[in-house]
Amino acid sequence: EEEASRVLGREVRVGGAVNLRLLPSPYFRFEKVRIADAPGVAGQPFIRADSLTVWLAVPPLLRGVVEANDIEIEKPVVNIGFDKSGAGNWQSLGQGSTASIYLPRDISLQSLKLRQATVTLRGSDGGQGLRLEDLNGELSAPALEGPYKFRGTFGAGQQNEIRFATAKPEPDGAVRFKGSVRIDSAGPTYALDGR
């Protein structure tokens, strides 16, 4: 908890069991994980999840590279928000001290699976603007800084589809973003392309 809090620059708490298995396939699982919202923001955590399970690839570990073959997050709730200046509450993530004996330099993410996720988006006034429930999908990235790709479905009983892709962050911190949402399998599709 202390190391993760230092690296992320946010308070991280694990309220449940911690499991580690080395053979035959190494993995670790944390239950009841909480990551605090941006400094100065009170209320709900930025992320909370029932469990976080990470399966690691063995050959890269022998070279000193952490490669997550598969990460699964069960029932995460992600609260995305903006302050009055328009800054997002995710932008300060990882701005803590990144030098860590536990966190190698090279980290890739082959597959992060979300199961029964809820994502809420709130504006600078604190009001809830958008809520996606029962989100199931897969996120991938060759490095922690991106680029990221996500494809999934949301909504109980419906096959609403959501996709997005980002570029790596630009020197000024901006990120190119493309996304689309399709309502029901034969319904309208909405697209977004921005920075």
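**A salt-bridge tour**

Start by selecting Asp 37 and Arg 122: these two form a salt bridge, with their closest N and O atoms 2.8 Å apart. Now look at where each one sits. Asp 37 is in the loop between strand S3 (27-35) and strand S4 (47-56), while Arg 122 belongs to strand S7 (residues 107-122), so this pair ties together parts that are 85 residues apart in sequence. Before you go on, keep in mind that you're looking at a predicted model.

Is Asp 37 buried or exposed? With a relative accessible area of 7%, Asp 37 is buried. Arg 122 counts as partly exposed, at 21% relative accessibility.

Next, select Asp 70 and Lys 113. Here's another salt bridge, and its closest N and O atoms are 3.1 Å apart. Which parts does this pair tie together? Asp 70 lies in strand S5 (residues 66-74) and Lys 113 in strand S7, so the link joins parts 43 residues apart in sequence. Asp 70 has a relative accessible area of 19%, and buried means under 20%, so Asp 70 counts as buried.

While you're picking residues, select Arg 151, Glu 161, Arg 163 and Arg 182 together: salt bridges that share partners join them into one network.

Now hop over to Glu 11 and Arg 13. Their side chains meet in a salt bridge, at 3.2 Å from N to O. Check the surface again here: Glu 11 is partly exposed at 46% relative accessibility, and Arg 13 is partly exposed too, with a relative accessible area of 37%.

Terms used. Residues are numbered from 1 along each chain as its sequence is written. This is a predicted model: local features need pLDDT of at least 70, side-chain atom pairs count only at pLDDT 80 or more; totals for chains, interfaces and linings use all residues. Side-chain values use heavy atoms; hydrogens and water are left out. A salt bridge is a side-chain nitrogen of Lys or Arg within 4 Å of a carboxyl oxygen of Asp or Glu. Buried means under 20% relative accessible area, exposed over 50%, partly exposed in between (1.4 Å probe, protein chains only). Helices (H or I, at least four residues) and strands (E, at least two) are DSSP runs, numbered from the N terminus.
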